[in-house]
Amino acid sequence: MRLRFGLGQNVPIEGAGKRLNFINLLRLSISERVESMENYNSMEIEGKWQNFWQRNNSFKPETDSDKKKYYVLEMFPYPSGRLHMGHVRNYTIGDVIARYRMMCGFNVLHPMGFDSFGQPAENAAIKRGIVPKEWTEGCIELMVKELKKLGFSYDWDREIATHKPEYYRWNQWIFKRMFDCGLAYKKKSPVNWCPLCKTTLANEEVIDDACWRCKTEVVQKDLEQWYLKITEFQDVLLEDLNTLYDWPQRVRTMQSNWIGKSFGVEIYFRETSTDKVISVFTTRQDTIFGATYVVIAPEHQILKEIIKGKPEEKQVLDFISKVSKKSKVVRSSTDVKKEGVFTGCFAINPVNNEQVQIWTADYVLIGYGSGAIMAVPAHDQRDFLFAKQHSLPLRIVIKDSRHPDLEQQDLTCAYEGNGELINSAQFNGIDNNSAKLKIVDWMEQDKIGQKKVCFKLRDWLISRQRYWGTPIPIIYCKNCGIVAVPDQDLPVKLPENIKISGKGGSPLSAVKEFINVVCPKCSGEAKRETDTMATFVDSSWYFLRFCSTNSKDALFVKDEVNYWMDVDQYIGGIEHAVLHLLYSRFFTKFFKKQGLLDCSEPFRKLLTQGMVKKDGEVMSKSRGNVVDPDEMIKKYGADSLRVCILFAAPPEDGFNWNEKGTDAAWRFLNRVWTAVQRFLKLKALAKCEQNLEFDSRLKFKMHTTIKKVTKEFNVGFKFNTVISSIMELVNEIIPALSIAELKQVYSKMLENAIDSVVLLLSPIAPHICEELWELLGHKKGIINAEWPKYEIKALAQDEINLIVQVNSKVRAKIILPANIGEDELKSKVLSNDKIKQWVKDKPIKNIFIIKNKLVNIVV
């Protein structure tokens, strides 16, 4: 017989063949639920323990080289107003890891702060007619309250907010050090510009080629802007990806592709009318004889020179203007149809002196290689589609062994595979991969090309023509030129209470008392830089400041950073896989080069959690599908929400929100609560005996659960599996508890199993477990308790639960000794009353046995 207990779990109520009184068990089940609803007050319990942790500084670590450290960090949030379920999931994962490590004896650093500068706050302030600081600090205050309600184990004494001068002072200090090293420099570059608002726009603010705010057509404008020379570190950033073994392969691949190191050849084509050299970079020199046209990026400097006076000049200039309004993301997309125009110019292919057309097209970008490509439509699908669209010629130069007689006019797509070269002069008959080196050597000998290494990575543009960001600490003097603000004058503070309209360029340019300064070198009149820094600067080193938040006279204290760094476990969304992580790695390597710290990489392990969706879509206010965590906490309690969000799916996977999951989690916690209450009442009235009938099974289940849960905490972080394993242990405890209540005895084994449930569950549902731990008579709080250890010898089963099938259908479940021999096992199975009913007098054809698991009788 089986009885159903909460969360759809079927619990066996037979123990070693002894049947229990069903009515008594049913009464216990009903009373258990009624009692749990009356006694488990989540709001009261959670408030009690949150106050306790705060009073006792339970999560405050100290730098101590004698202790083994563990630094766990979730990507800090932008203070947008309220927490959403994505926040809850991210921070709950980090909190569970932090609490587990504390119980394993580690000195755990688990801080929290706010990435509080940025464009959204500026836009929100404009919309509401307030200053960004007021909006931001109001949001932070609200978010801190919500984070504390969830019981996260943060050391709030280390809280940082990047909009505060004591933080962004060090952004400016870092910029100055990079400026002194030649890594911060200024150059002209194109930006999206709204002529009506007179301001720059991010790519995401350009909608259908127009300004998101006023709908005016956006143009490209060249502005002098500040860059950080991340390309100085491009080789080491790429090479050290190989040391990040505990990062998802997907993230490492994304970073590698972004850095984009390519080994190839620069080939010199010449424009026929001006004799100007057009350098073309390619990694496919084996296809050079198949190049039938050349494509130049619309921004390429040479383009306007070679079209001058041509009939096509106006058409090309109009196309350049049109492309200038497209973002690089759109131009690089494989889903968007490519556009281009013929320039009226021709070039000579140096390998065969063939004259080919020169085109300009949106899919060729100035930022990679030389800004010009040779097009080989027979062997590159993008070139093939463009050639077909514009009726340009094709030439096959690599033979497809599957279709050796295929002619170019018969091609339906490009052949991008390997094969023997054809139509390639002296290289005919050579395998294309072998031919690559031979062709390079020949080109270098004849001076028509040379080996070259190219990177896709470009220097980091940090200038923003906005108010709510770190002021760039630069002064412009007519006599001295560009002058960095002296260290003693940092921070350069943002002026407060200024009008922000979102129009007319940077709001700082209208603040005379901010702009007009004295040159620190010559004491002459000077002007201050009005650009602010991109907010990625703030988040590129915040993990270091957390190690040393009390440092007032230095970026951080080296000994403190060297103790805590690198971050042992970093947690955040996959959307930050490239830029934030790459910039953080760049800053860390710069600091090491400057002798400020010892580590080479900021994050040892990386976990990228999946998104929480509602009705199949990402939660957002505009869709009206946002679930307020605060409402869930009021209704079910923080522990239930934490259990729900971890049980829904493995951390890397996304899941669809369903409130039923929180209700189920609440019911599970009620079962645990009630089981402990029942045990405490039993213990107060009954006597303790050893070797009760359920002890051996309970011992085996307890130790296997501890082993499984510990493994997941250390390696997999599959918290859904962890919770499921704890549920199974609870399901083993409930019927054992019922037996004990009927006999009015209890065993030490039963007590140990209940303690283990509370300990194993405590990182996930800390409030209820603290309360239960106290009720169970333990003097130390559970956060200071030692993580349970399993005994290897206890993992050997004394008994097995054997599933018995007849003709592959389950007909019985039998408990037998684990060391039973095969002949005795068959005898026991065939003598079982249920099996006798199904076998009867039918001849047995075979008996299949899967050791310790299953028997299938074929009749």
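These legends describe close-up views of a predicted model.

**View 1. Helix 19 packs against helix 22.** Helix 19 spans residues 638-647, and helix 22 spans residues 719-743. Their axes lie 7 Å apart and meet at an angle of about 115°. Helix 19 contributes V643, L646 and F647 to the contact. From helix 22 come F719, N720, I723, S724 and M727. By class, six residues of this contact are nonpolar, two are polar and none is charged.

View 2. D64 counts as partly exposed because its relative accessibility is 24%, between the limits of 20% and 50%. Its side chain reaches the backbone nitrogen of D66 at 3.0 Å. Beyond its neighbours within four places in sequence, D64 is in contact with N107 and Y563. L816 is 752 residues from D64 in sequence, and the two C-alpha atoms are 53 Å apart in space.

**View 3. F536 and Y583 form an edge-to-face pair.** The structure holds 44 aromatic pairs. In the pair of F536 and Y583, the ring centres are 5.5 Å apart, with 70° between the planes. F536 lies in the loop between strand 29 (532-533) and helix 15 (542-545), whereas Y583 belongs to helix 17 (residues 579-593). The pair therefore ties together parts 47 residues apart in sequence. F536 is partly exposed, at 27% relative accessibility. Y583 is buried, at 9%.

**View 4. F556 and F591 pair edge-to-face.** The two ring centres are 5.9 Å apart, and the planes stand at 80°. An angle over 60 degrees counts as edge-to-face, so this pair falls in that class. F556 sits in the loop between helix 15 and helix 16 (558-564), and F591 sits in helix 17. The pair thus ties together parts 35 residues apart in sequence. F556 is buried, with a relative accessible area of 7%. F591 is buried too, with a value of 0%.

**View 5. Ring pairs build an aromatic cluster.** The linked residues are F233, W460, F536, F556, Y583, F586, F587, F590 and F591.

**View 6. Lysines K148 and K187 sit over aromatic rings.** The charged end of K148 is placed over the ring of W156, 5.5 Å from the ring centre. K187 lies over the face of Y227, 4.8 Å from the centre of that ring.

Note on methods: Residues are numbered from 1 along each chain as its sequence is written. Side-chain values use heavy atoms; hydrogens and water are left out. Axes are lines fitted to C-alpha atoms, for helices over the stretch in contact, and angles run from 0 to 180 degrees between N-to-C directions. Helices (H or I, at least four residues) and strands (E, at least two) are DSSP runs, numbered from the N terminus. Contact means heavy atoms within 4.5 Å. Ala, Val, Leu, Ile, Met, Phe, Trp, Tyr, Cys and Pro count as nonpolar, Asp, Glu, Lys and Arg as charged, and the others, Gly among them, as polar. Buried means under 20% relative accessible area, exposed over 50%, partly exposed in between (1.4 Å probe, protein chains only). A polar contact is a pair of N or O atoms within 3.5 Å; within protein, one must be able to donate a hydrogen and the other to accept it, and residues adjacent in sequence count only if both atoms are side-chain atoms. Rings of Phe, Tyr and Trp (its six-membered ring) pair if their centres lie within 6.5 Å; planes under 30 degrees apart count as stacked, over 60 as edge-to-face and the rest as tilted. A charge sits over a ring if NZ of Lys or CZ of Arg is within 6 Å of the ring centre and within 35 degrees of the ring normal.
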